[in-house]
Amino acid sequence: MTDLGAGLSEVKNNIAHFEQRYGRDPGSVKLIAVSKTKPASAIRAAYELGERRFGENYLQEAIEKQTELAGLVIEWHFIGHIQSRKARLVSENFNWVHCVDRIKVARKLSVARPAELGVLNVLIQLNLQGEESKSGVAADEVSALAKEIKALPNLALRGLMLIPEPEEKLGKQRAVFAQAKTLMQALNRQGHDLTELSMGMTGDLEAAIAEGATMVRIGTAIFGAREVKAAAI
Ligand SMILES: *Cc1c(COP(=O)(O)O)cnc(C)c1O
């Protein structure tokens, strides 16, 4: 088997194993293969092994790959920071957007969404650890943003997304993910119908599945280590 094939089957085995260990329904955790910085050929290879959901962070790079892979039936997830002036292109080229954290961007995504594509699925990015360097909304701001997004005609608010600070210990990883789950439940009590928790990467997959992740975003364990990218486009 190729490295990619081996990585992919290990990730899928781990997901199934953790679903079982933590009493999650089989198949309830969707894998998003994070292909940022990797060539279109790597996506094609993963596609041939059955993957259909891919996550990209850098808009220009993603659009180039999408052009190259036109014809493949891929569900594209934008998981990078969205610059307001790039919102139109994001809305036109993706099925899901994970990092919505301000109403200005949400409005632009909604306005730009081409009618023939149907609603754009969005997640609100949380920042529960007060990291100034990171995007995301604090716990006490989520409810207001969710309400505003719900009023936008061309977006469907589907859930929450989280990138926690790196942490080695399972228990500490779980504590942060548990907060995201609690917040989603609170929003649903306020009348939202959120089902998705996008959390869990190569280093914290187990903790995320234990706490209810429905989408895990895995890059390194599938495609191998990335070269450091000089600047995000
Ligand atoms: C790069 C990235 C991932 C994948 O991280 P790995 O540690 O390589 O699995 C997941 N989510 C986001 C938002 C990323 O930027």
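Biologist: Which handedness does the β-α-β unit of β5, helix α6 and β6 have?

Modeller: Quick caveat: this is a predicted model, where local features need pLDDT of at least 70, side-chain atom pairs count only at pLDDT 80 or more, and totals for chains, interfaces and linings use all residues. Residues are numbered from 1 along each chain as its sequence is written, and side-chain values use heavy atoms, leaving out hydrogens and water. Helices (H or I, at least four residues) and strands (E, at least two) are DSSP runs numbered from the N terminus. With strands pointing away from the viewer, a path from the first strand over the helix to the second that runs clockwise is right-handed, and the unit with α6 (residues 142-150) is right-handed.

Biologist: How many bridges join β6 and β7?

Modeller: Strands pair if DSSP finds at least two bridges between them. One link here is Met 161 with its partner Ser 198 in β7. β6 and β7 (residues 196-198) run parallel, and the count is 3 bridges.

Biologist: Is Val 137 buried or exposed?

Modeller: Val 137 sits in the loop between β5 and α6. Buried means under 20% relative accessible area, exposed over 50%, partly exposed in between (1.4 Å probe, protein chains only). Val 137 has 5% relative accessibility, so it counts as buried.

Biologist: Which residues is Val 137 in contact with, leaving aside neighbours within four places in sequence?

Modeller: Contact means heavy atoms within 4.5 Å. On that basis the list for Val 137 is Asp 101, Ile 124, Gln 125, Leu 126, Asn 127, Val 142 and Leu 145.
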